[in-house]
Amino acid sequence: MIEHYDALETRDHTARETALMTALPAQVAHARDSSAAFHQILQDVNPATVTSRAALASLPVTRKHELLERQQASRAGGGNVFGGFSAIGFGERMPRVFASPGPIYEPEGAAKDYWRMARAMFAAGFRPRELIHNSFSYHFVPAGSMMESGAHALGCTVFPGGTGQTEQQVQAMRELQPAGYIGTPSFLKIIVDKAHEMGVALPSVKKAMFGGEAFPPSLRDWFAERGIAGYQCYATADLGSIAYETPAREGLVLDENVIVEIVRPGTGDPVQDGEVGEVVVTTLNPDYPLIRFGTGDLSAVLSGPCPTGRTNTRIKGWLGRADQTTKIRGMFVHPGQIADIIKRFPEVARARLVVTGEMANDVMTLKVETACSGPDALAAKIGEAIRDVTKLRGAVEILLPGSLPNDGKVIEDARSYR
């Protein structure tokens, strides 16, 4: 019998979408009225009209580098350390502050399961009254606290193992007999290898939930051979849980309290289901109300329902990074610039800038998909647009629709550096 964390996971799709779109305008209004940053970003937006995905797609995307830039500018001026994005301040409503590389500072609110990790842990097999060995970091970054708060919400006890000290990790696992592990897959492999080296058996560790790095099938099989069923979760320090793996092992199911869009890199334009693009998330978290936050990660919607009975949308998991900014002949070219070029030509469906040649001898070719007639004339006009937008000369190659790979790349650096 397949178990679910709660009834939200098996809702009718229409009921879920109605609930999300009903909550959306209030969250947009709250973000605009309660955070200085979104008061500026959304100043021309009427929240009452944002009641559909189409309306949401008209709002600007705020990407991580912009969050960092606003934080840095605010701190330099003696202002808010969060760049005006947090809706709460220091005190009882914010028990902790964390720092990610940048540094980017993230608030942790006081709500139970603030990062919404319990659902992912349940899908990975953890149950109330179990002991979890948590080897995510407890300092600077929020990962350790994210997992601990989720475990507590699930009714579990946590051993805060943190990172490093491999022999002591093995000793704690041998003596405490935890039901499972939460952390990066590479560190658990190190622990298991060390235990083997020490001649120590760890029979209690039967399950694991991984995050923070790739978890390829080869490593999944390696753990399975040792009696450990490992599952992935997809979360960020800004947003908390976004999606999680289930025993079906077919993609990642979206969390119930986020609205996820897949957009063309460098733009805010949603792509068709199945097409690779950047993951953009709107969270319903009132303390840190991020609206259309660009994660910089690539993924794609996976069609069909999850065999476990969970009815929320699935994504294919992490497929790379969306920021493909490339320096060409001394000039940076951004995915957004390619989007600006293509917007001038409605007859173009998709495009990819391919950079070839050797160092100091760059060749730039914009490959575009179109079904229009008169390709030579179109290529000439696109070439002019390339020079206008990037200040660089580039060739244009006309392709039939469907010719470009579905991998989310807008700029491909194929140069030789030998």
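1. Is Arg-226 buried, partly exposed or exposed? In this predicted model, Arg-226 counts as partly exposed because its relative accessibility is 41%, a value between the 20% and 50% limits of that class. Its side chain forms a salt bridge with Glu-225, with 3.5 Å between the closest N and O atoms. Glu-225 itself is exposed, at a relative accessible area of 64%.

2. A further salt bridge joins Arg-174 and Glu-175, whose closest N and O atoms lie 4.0 Å apart. Arg-174 is partly exposed at 39% relative accessibility, while Glu-175 is exposed at 53%.

3. Asp-407 and Arg-352 also meet in a salt bridge, at 2.4 Å from N to O. Asp-407 belongs to the loop between strands S20 and S21, and Arg-352 to strand S18, so the pair ties together parts 55 residues apart in sequence. Arg-352 is buried, with 4% relative accessibility; Asp-407 is partly exposed, at 26%.

4. The count of salt bridges comes to 32. A network of them links Asp-6, Glu-9, Arg-116, Arg-119, Asp-255 and Arg-310.

5. An open sheet of mixed pairing is formed by four strands in the order S1-S13-S12-S11. Strands S1 (62-63) and S11 (258-263) are its edges, each pairing on one side only. S11 and S12 (residues 277-283) run antiparallel and are joined by six bridges; Val-258 stands opposite Thr-283 in S12. Helix H1 (residues 13-34) packs on the sheet, touching S11 and S12, and its direction makes about 90° with that of S11.

6. UniProt, in an unreviewed entry, lists residues 136-282 as "domain: AMP-dependent synthetase/ligase". Over this range the chain is 31% helix and 28% strand, with the end C-alpha atoms 25 Å apart.

Technical notes: Residues numbered from 1 in each chain as written. Predicted model: local features only at pLDDT ≥ 70, side-chain atom pairs only at ≥ 80, totals over all residues. Heavy atoms only, no water. Pairing = 2+ DSSP bridges. Helix = DSSP H or I, 4+ residues; strand = E, 2+ residues; numbered from the N terminus. Contact = heavy atoms within 4.5 Å. Axes fitted to C-alpha atoms, helices over the stretch in contact; angles between N-to-C directions. UniProt positions renumbered as here; feature names shortened; annotations may be inferred. Buried < 20%, exposed > 50% of the residue type's maximum accessible area, 1.4 Å probe, protein only.
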